[in-house]
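Please have the model open as you read.

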Amino acid sequence: MADLPEKLSADGTTITVGDPEASLTVHLYEDPRCPYCGEFETTGGAPELRDATVQRKARTQYTLASFLDDRLGGTGSKKAVNALRAALAEGKFAEYHAVLYANQPAESVDGYTDASLLKLARQVEGLRSPAFDAAVKSMKYRSFVAASQRAYEQAGGAKEPDGPGTPTAVINDVRIPLKYNGTALRPHVLLWPAAAHSRRPRAVAGHRSVNHQRAKARGCGAGCG
């Protein structure tokens, strides 16, 4: 995805990857430590979404949350979001984002440390540099991290003041119903053309309700949120 444009939008928090003229826009809300985000990014709809983005059929937007640090303890989400912002400054956000989720630590482990983030960055050609390393170690983009978390919370509206849950997908301004997102958000839903054009995303069967109950039991909402 190195040849695709990626930029920080004017709102200062939304990261957009892909052709700005693509007819399909998928906006994802994720926390780097969220295990359901990890499932979505590795075995859910994200691989097909990346293919569609490379083919310039879709563009992908990201709002990066970091609430799981407060919920689980540690600083891994904040450090990962900061490192992702640093990767964006180097034009390597998409590649690094994929690497982080492919190597996501266990939920109970605060595994996104400076050392691990820098080590994983070696998997992205051309990412490691004195500027990138310094940005990771100094939390250069801490204001972005805080602003992104606020944007995530605001996306939940009055009914969900803590945020919409992660992962959440919004397709051409139509939000996939919460009970169908996460691991149940399969490729045929994520890239289903009617979801983009009819503004009526189709419900699909999945084990979301099971994940929801497990998540609630450990303090992680529908998905995480």
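## What covers helix H8

Among the elements that cover the buried residues of H8 are strands E1 (6–8), E2 (15–17), E3 (24–30) and E4 (58–64), together with helix H4 (76–89). Helices (H or I, at least four residues) and strands (E, at least two) are DSSP runs, numbered from the N terminus. Contact means heavy atoms within 4.5 Å, and buried means under 20% relative accessible area, with exposed over 50% and partly exposed in between (1.4 Å probe, protein chains only).

This is a predicted model, where local features need pLDDT of at least 70 and side-chain atom pairs count only at pLDDT 80 or more, while totals for chains, interfaces and linings use all residues. Residues are numbered from 1 along each chain as its sequence is written, and side-chain values use heavy atoms, leaving out hydrogens and water.

## Along the helix

H8 has 14 residues and spans 20 Å from first C-alpha to last, close to the 20 Å expected at 1.5 Å a residue (1.5 Å times one less than the number of residues). Its buried residues are Phe144, Val145, Ala147, Ser148, Gln149, Ala151 and Tyr152. Just after H8, Gly157 adopts a positive phi of about 70°.

Gln149 is buried, at 12% relative accessible area. Beyond its neighbours within four places in sequence, Gln149 touches Leu64, Ala65, Ser66 and Phe67.

The structure has zero disulfides (pairs of cysteine sulfur atoms within 2.5 Å). Cys37 is in no disulfide, and the nearest cysteine sulfur, that of Cys34, is 3.3 Å away. Cys34 is buried, with a relative accessible area of 0%; Cys37 is buried, with a relative accessible area of 0%.
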